[in-house]
Amino acid sequence: MELNTTNTTNMNLQELVRENIRNLAPYSSARDEFKGSADVFLDANENPYGTLNRYPDPQQKAIKEKLSILKKVNTDQIFVGNGSDEVIDLAFRIFCEPGVDKALTFSPTYGMYDVSANINNIALIKLPLIQAFQISTNELTPYLADDNLKLIFICSPNNPTGISFKQKDVEFILQNFKGIVIVDEAYIDFSDKESFINKINEYPNLIVSQTFSKAWGLAGVRVGTAYSNKQIISLYNKVKPPYNVSELNQQAVLNALNNIEDVDDKIKIILEERYILRQKLASLKIVNKVYPSDANFLLVHVDDAVKTYKYLIEKKVIIRNRHKLIDNCIRITVGTPQENEELIKVLKAL
């Protein structure tokens, strides 16, 4: 783990950005050009009739103002996207030259990094996790010297393991990597670990991704966020489609942000159920191990993952078979108390 740390405070962000992106003139929408209130709008070729006839706010100002207070960051440090997948995809588009540059992540992890890398014609290095599903900084270190390595994706808490990476290992990467580090915190609301949003002013190469799909209960809305310094966020806003988040989806997010107490109550119930479910799963004969989790799911090692998965399908209970990623492991989302009880009842009969 010994390495002379890169002085990331002096990193030249523009050198990391693709030349065509640096030179890009972003699309300027009618709602970007006029930002006030008015009685008559005849600027955007909208149908004058209807309830959803107007384009949404392209910069999602109302959402950013509420997130600014909640996350204790400036509004110009927030990007709102069409799910976290847009945050991932735009990172490739901004920083990686197709067919030339590379990205790196740690295996097993969220599969969209691989898909997005392939779509953008970027080689993705998958560095296996070591014991207890943690990062080996010793094994990582040789890759950090590659000038064509531009992105590192760190999913923490990780999917499908549910385990958070050690803060010191993530900070080691931030200090020693000359490229961009994206910490994907889709499940952070179920964890007692500190969010890396608190580090975005310390590390200029850090992007933190979060989502409204999990703890906020808005998977159908498809809204994700990124937090970073204002220079990186300005690049995201430069490259994104002009109206990337619909009016309906923005209103759904605003409604959730106006009812945080309800969200917190649901998270508390899920955490209580996660504890109960883990204890009950661990007592089953077919279960060899239930891994600790900082997420809203449990990774479970069973005698035969394929058999268990098929059996549960027959009983109309659907889980994820992760056997191809982790030998004989299944991933179980924490459901309602009734759903969790039904799962345990069915598994007891196997």
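This briefing walks through a predicted model, from its sheet to its helices and some backbone details. Local features are reported at pLDDT of at least 70 and side-chain atom pairs at pLDDT 80 or more, while totals for chains, interfaces and linings use all residues. Residues are numbered from 1 along each chain as its sequence is written, and side-chain values use heavy atoms, with hydrogens and water left out.

Helices (H or I, at least four residues) and strands (E, at least two) are DSSP runs, numbered from the N terminus.

**The sheet**

- Seven strands make up an open, mixed sheet, in the order β1-β7-β6-β5-β4-β2-β3; two strands count as paired if DSSP finds at least two bridges between them.
- The edges belong to β1 (78-81) and β3 (123-128), and each has a single partner strand, so one side of each is left without a neighbour in the sheet.
- From one strand to the next, the twist averages 20°; axes are lines fitted to C-alpha atoms, for helices over the stretch in contact, and angles run from 0 to 180 degrees between N-to-C directions.
- As a reminder, strands of a sheet pair through backbone hydrogen bonds, either parallel or antiparallel.
- Strands β4 (residues 149-155) and β5 (residues 180-184) run parallel and are joined by five bridges. If you want a place to look, I152 has V181 in β5 as its bridge partner.

**Strand β7 and its surroundings**

- Strand β7 (224-227) pairs antiparallel with β1 over four bridges, and F79 stands opposite A226 in β7.
- Strand β6 (206-211) also pairs antiparallel with β7 over four bridges; here V208 stands opposite Y227.
- Side chains in a regular strand alternate between the two faces of the sheet.
- In β7 both faces are covered: G224 and A226 on one side, and T225 and Y227 on the other, are all buried. Buried means under 20% relative accessible area, exposed means over 50%, and partly exposed lies in between (1.4 Å probe, protein chains only).
- Helix α4 (residues 61-71) lies across β1, β6 and β7, and runs at about 125° to β1.

**Helix α6**

- In helix α6 (residues 112-119), the buried residues are Y113, S116 and A117.
- Viewed down the axis of α6, these buried residues fall within an arc of 105°, so they line one face of the helix. The arc is that of the directions from the helix axis to the C-beta atoms.
- A handy general point is that an α-helix has 3.6 residues a turn, so residues three or four places apart point the same way.
- The buried residues of α6 pack against α5 (83-95), β2 (102-107), β3, β4 and β5, while N118 and I119 are exposed on the other side of the helix.
- Just after α6, N121 takes a positive phi of about 60°.

- E273 sits in helix α11 (residues 260-282).
- Beyond its neighbours within four places in sequence, E273 is in contact (heavy atoms within 4.5 Å) with V334, G335, T336, P337 and N340.
- Y311 belongs to helix α12 (residues 305-314) and is buried, with a relative accessible area of 14%.
- Setting aside neighbours within four places in sequence, Y311 is in contact with V346, A349 and L350.

**Backbone details to look at**

- Most residues other than glycine have a negative phi, and most peptide bonds are trans.
- S107 and P108 are joined by a cis peptide bond, with omega about 5°; P108 lies in the loop between β2 and α6.
- The S156 to P157 peptide bond is cis as well, with omega near 0°, and P157 lies in the loop between β4 and α8 (167-176).
- K72, in the loop between α4 and β1, has a positive phi near 60° and is exposed, with a relative accessible area of 73%.
- K316, in the loop between α12 and β10 (320-321), has a positive phi of about 65° and counts as exposed at 73% relative accessibility.
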